[in-house]
Amino acid sequence: MADPPSFRRHPHPFSIDLIRWLPSLLLLLLLRPPPRRRRPRPGRRPPSSSHLHLLPLHDPSSPLAALPLPSRAASLRCSPSVLAAATSSGSLHLLPSSLDAAGSAGVSVPAGAGFHVGPVRGLDCGGGGEEWVTAGEDGRVHVVGGGGDGRVVARRLWDGKGMAGYEAARWASAAEFATGGAGCGVQWWDRRKGDAVVAQCKGVWGRGIVTGMVHSIDIHPSRKHICVVGGSSGTIFAWDLRWPQQPIPLSGLGLNGTAQPVSESEVWEVLFDNYTQSTDIISSASTRILPVMMCSEDGILAVVEQDERPLELLAEPCAINSFDIDPQNPSDVVCALEWESIGVLTRGRDTMAEE
């Protein structure tokens, strides 16, 4: 059996929208929630800008550095050397991840007709850390990379003209990535085939429940043909490109008993959980979906697994806006609580597995 997990709550003076792990036990925060999720609290004036805060895990109340952004942040990703933040106005900012260079201005791609107009919620690093994919609510998809002389160049792959809006993006390989949002389901892009969408999945919402929206996508590094998707109405499903027309429900409402709902609200983020041991033999040839961690608007942090009961880790009285799993020690999880707190969950060892 597993030792009971421990949970520590660290109050913070501002609401936290996004949180990410950095090397050397640092936390990276995006302060203030973007306007799409909820209204500002009464008596508080919504800020015109936000900040990235670098915090030490042993004392999250003492920021090591604060990096300003020109408008509210909408997405955040990290590579070994670069912090990338995209904003609600449509700009992208690439900043050095080392503390020694934290004061550097970095480079940016401004919002506007040549890039994005409006929130950029889909952002991920690929191409060996040299390229970034952006997908915005304006229906545009770009690949951003170095153009020489320290500049960055954004190349547009698609412009949906506002007919569909993107909320998520995730690289699978140097040539492939997935996007998702409202009105487009999940799309798989292959740059070797003319930077085109080569497969599409509308999800599981067509099975009798409300129209769905994709909020988050993750792709397992050892199973790059499988992505897991989190979205509206508590829905989580997996999409295997080997069977593109057969999405696999993991959680959601109105799925006729095919998956137990772990949440009834928006699923903000999903990540494959390398710490939780699957009940099946794990191999690259297995068709079973590996365990997935999620967080939701109704305050749930849980692990879901195919054909198993969800494992609830936290049930908070407020939204859990974001979470991240420590890549070096996956028993540790940090989460951003809407009520101005950072949560640190440490899961116990599975003693039965060790025996």
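Predicted model: local features only at pLDDT ≥ 70, side-chain atom pairs only at ≥ 80, totals over all residues.

Colleague: Which sheet does strand 17 belong to, and why is it called an edge strand?

Modeller: The sheet is open and has four strands in the order 14-15-16-17, paired antiparallel. Strand 17 (196-201) has a single partner strand, as does strand 14, so one side of each has no neighbour in the sheet. From one strand to the next, the twist averages 25°.

Colleague: How do you know that strand 20 and strand 21 pair?

Modeller: By the count of bridges again: at least two are needed, and strand 20 (residues 236-240) has three with strand 21, in the antiparallel sense. F237 stands opposite P249 in strand 21. These strands are part of an open antiparallel sheet with the order 18-19-20-21. Its edge strands are strand 18 and strand 21 (248-251), each pairing on one side only.

Colleague: Why is I236 called buried?

Modeller: Buried means a relative accessible area under 20%. I236 has 0%, so the term applies. I236 lies in strand 20, and its C-alpha atom is 8.8 Å from that of P261, 25 residues apart along the chain.

Colleague: And R288, is it buried or exposed, and why?

Modeller: The relative accessible area of R288 is 15%. The limit for buried is under 20%, so R288 counts as buried. R288 is in the loop between strand 22 and strand 23 (292-296).

Colleague: What makes the approach of R288 to Q306 a polar contact?

Modeller: The R288 side chain reaches the backbone oxygen of Q306 at 2.7 Å. A polar contact requires N or O atoms within 3.5 Å, one able to donate a hydrogen and the other to accept it. The distance is therefore within the cut-off.

Colleague: What lines the largest pocket?

Modeller: The lining has 34 residues, with C78, R170, D218, D324 and P327 nearest the centre of the pocket. Among the elements that give two or more residues to the lining are strand 14 (165-171) and strand 18 (214-220). By class, 17 of the lining residues are nonpolar, nine polar and eight charged. The space in this pocket is about 1100 Å³.

Methods. Residues numbered from 1 in each chain as written. Heavy atoms only, no water. 1 Å grid on protein atoms, 1.4 Å probe; cavity = no way out; pocket = protein on both sides within 12 Å on 5 of 7 lines; lining within 4 Å. Points joined across faces, edges and corners; volume = space filled by probe spheres on them. Nonpolar A, V, L, I, M, F, W, Y, C, P; charged D, E, K, R; others polar. Buried < 20%, exposed > 50% of the residue type's maximum accessible area, 1.4 Å probe, protein only. Axes fitted to C-alpha atoms, helices over the stretch in contact; angles between N-to-C directions.
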